[in-house]
Amino acid sequence: MAVSGLIMYGYLILHMAGNLWVFAGQQAFDTYAHHLRVLGEPMLPHNSVLWVARLVLLAGLIAHVWSAVLLSKRSHHARGGAGKRYESGQHKRGVQRSYASFTLRWGGAVIALFVIYHLLHLTFNVVAPGGASDSPYQRYVNGFGIWWVLLSYVIALIAVGFHLRHGLWSGLTTLGANFSPATRRGLNLVAIGVALVITVGFLTPPVLIFLGVVGA
Ligand code: HEM
């Protein structure tokens, strides 16, 4: 769960940073999208680096969902099929959970639905709110002029933000980084900070496009 999550985390940081090319205008963004496809040429075939990245992401996604199902079964079994999730005798509230940890399952489902819609929208050009286009920049800008497209991305990105906030903390804990009260505090701060940067970084361009500041 931790390793596959961290692989997707890395992808999201690169994806969010890449999306910021939209501020540099149509030519710059379309050149960036083109470069994703010609990376490694002429030593490697067209699109090959992109396909390797897609396969790694897909493997990460399958491993992540598979681990989630296994972990969920294991925790259900450990509670003897009853009792509250995150119940703990060591915590003053009796449960050891945050809003982010409690929403992981539903949040994960929302993100999965979003990714399907997102790929149909911006990668495959099948769903084209605001108008289809061969230009990745134009596809990006066309959709976010529409309030419900923006709203659906905002909802999905809030789910992504919560998922990332808990995920980074939990993943690094699994990998052994959470070994003292000080590192626990540090991990929490890093997890909140990185999740905020990614969520705000993703949402800033669509909001500015909607307001007519970008792409007008
Ligand atoms: C406001 C938020 C987002 C925007 C504006 C956005 C924009 C885009 C664009 C323009 C592309 C197409 C790139 C191209 O083919 O040239 C793309 C592809 C993609 N996005 Fe996003 N994205 C956002 C959030 C996300 C999130 C949160 C995820 C994952 C949870 C995600 C996963 C993907 C994937 C998997 C691809 C396909 C890459 C490929 O195989 O070519 N995106 N996105």
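L104 lies in helix α5, where helices (H or I, at least four residues) and strands (E, at least two) are DSSP runs numbered from the N terminus. This is a predicted model, in which local features need pLDDT of at least 70 and side-chain atom pairs count only at pLDDT 80 or more, while totals for chains, interfaces and linings use all residues. Residues are numbered from 1 along each chain as its sequence is written.

L104 counts as partly exposed because it has 18 C-beta neighbours inside 10 Å; a residue is buried if 20 or more other C-beta atoms lie within 10 Å of its own, exposed if 12 or fewer, and partly exposed in between, with C-beta atoms placed from the backbone. Leaving aside residues up to four places away in sequence, L104 touches H163 and H166, contact being defined as C-beta atoms, placed from the backbone, within 7 Å. From C-alpha to C-alpha, L104 and M16 are 21 Å apart in space, and they are 88 residues apart in sequence.

## Overall fold

The protein chain has eight helices and zero strands, and its C-alpha trace spans about 60 × 45 × 35 Å along the principal axes. Of its 216 residues, 19% count as buried. Among contacts between residues at least 6 apart in sequence, 60% join residues at least 24 apart.

Helix α7 (residues 147-174) has 28 residues and reaches 40 Å from its first C-alpha to its last, close to the 40 Å expected at 1.5 Å a residue, the expected span being 1.5 Å times one less than the number of residues. At G167, α7 bends by about 25°, as given by the angle between axes fitted to the seven residues ending there and the seven starting there. The helix is followed by G176, whose phi is positive, near 100°.

Not counting residues up to four places away in sequence, A195 touches G161, L164, R165 and L168.

## Around the ligand

The ligand is surrounded by 19 residues, the closest being A33, R54, L122, P136 and F202; a residue is near if its C-beta atom, placed from the backbone, lies within 6 Å. Of the helices, α5 gives the most to this shell, with six residues.

By class, the shell has 14 nonpolar, four polar and one charged residues, where Ala, Val, Leu, Ile, Met, Phe, Trp, Tyr, Cys and Pro count as nonpolar, Asp, Glu, Lys and Arg as charged, and the others, Gly among them, as polar.

## Backbone features in the loops

Most residues other than glycine have a negative phi, and most peptide bonds are trans. The peptide bond from E41 to P42, however, is cis, with omega near 5°, and P42 lies in the loop between α2 and α3. N47, found in the loop between α2 and α3, has a positive phi near 70°.

In the loop between α5 and α6, N125 has a positive phi of about 65° although it is not a glycine. N125 is partly exposed, with 13 other C-beta atoms within 10 Å.

Terms used: Two residues are in contact if their C-beta atoms, placed from the backbone, lie within 7 Å.
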